[in-house]
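Good morning, colleagues. May I ask you to turn to the structure on the screen.

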Amino acid sequence: MDYSNQSGFRQRKLQPKVRMRGSAVDSGEPSQLFDDTSAGHNAGHSGVDKGPMVYAGQSLLSDPVSNLAMAYGSSLASQGKEMMDKNLDRFIPISKLKYYFAVDTVYVGKKLGLLVFPYMHENWEVSYQQDTPVAPRFDVNAPDLYIPAMAFITYILVAGLALGTQNRFSPEILGMQASSALVWLIIEVLAVLLSLYLVTVNTDLTTIDLVAFSGYKYVGMIVGVLAGLLFGKMGYYLTLLWCCASIFVFMIRTLRLKILSEAAAEGVLVRGAKNQLRMYLTMAIAAAQPVFMYWLTFHLVR
Amino acid sequence: MQKSRSANMAFTLYALIQTAILFTNAIAVLHEERFLSKIGWGADQGIGGFGDEPGIKAQLLNLIRSVRTVMRVPLIIVNSVCIVLLLLFG
């Protein structure tokens, strides 16, 4: 029983632990991801706080028992904060999430351009730095969570705008649109995870990567709905067709390097059932994007 | 058009949780001897060969078996909570 567990999915989970995104290596060099200014702010605040307390509570501080109690209380509080941070980090990997938000304006601009026009870009490989992927700030091919998160929120707002122009708006609809789109996103990520497990692909695609890739289609959806608002149904269909084609090409070119084996990814036609299945899987994932894009926007444009 | 719009928009997170519970329950009630072995999906029939390519059927059987083993006790708890909540709040 254990043999079949070792390969495929389990290996896929073991490998990303080696290539930890930005936790151990990057905490030693904060300039890699962000400049962490929280320590400086804390020192400033505690200095300001202790001032009035010293003046007002001279009698309080001189009493040794209350001194002891204060020291014990502060140590307890810091212990509790530490424990909470550690537990929270177990459920939501905050240190890994920081990697996905290390973006800057140039990266966002280039990535948005790639999402609507991926045909001229030639090198789709993610560059590595000592076995950890480089932060998105330095490599335009790396996935990030900033664009999907912003695009999701913008999609909700644009949906509200579109419904408002048709006099179908009410505040509950915004919540319904948001939860509906979120549910479809979760379903899509779970379906991709399940199919990756069944096909036993040895890849270092993490769940957050898949969420990022699934979130990139919201950019095309926003452009389509905006075109539909400005130019009517014909504009919506034309723009949506263009965005669907570009997301299809984008996903295929990005996923090909991650899912297929090395030889097949370089364009050499490698025959064999394994690679053929993986190619079908890549094309299925890429083809699901235009379907979702149409499904989530067609009711907004009349 | 009205019906399609409401069907699209009524997809809430609560519906997702319900779907997940129903799916997991469906996998958990598949009996090993009476059903899975009869259709060739038993626990011992999945492992065709060792090596690095288990194949889709072996992975699927492995998944079903592990879901049934792991989720047995949590499902009891979740189902009891659901029953109590539905009795109280309809």
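I shall speak about helices in chain A and then in chain B.

This is a predicted model, in which local features need pLDDT of at least 70, side-chain atom pairs count only at pLDDT 80 or more, and totals for chains, interfaces and linings use all residues. Residues are numbered from 1 along each chain as its sequence is written, chains are lettered from A and ligands numbered from 1 in the order in which they are written, and side-chain values use heavy atoms, without hydrogens and water.

In chain A, an unreviewed UniProt entry annotates "transmembrane region" at residues 145-164, 176-198, 210-230, 236-256 and 277-296; such annotations may be inferred rather than shown by experiment. Residues 145-164 of chain A are 95% helix and 0% strand, with end C-alpha atoms 29 Å apart. Helices are DSSP runs of H or I, at least four residues, and strands are runs of E, at least two, numbered from the N terminus.

In chain B, the unreviewed UniProt entry places "transmembrane region" at residues 70-89. That span of chain B is 95% helix and 0% strand, its end C-alpha atoms lying 29 Å apart.
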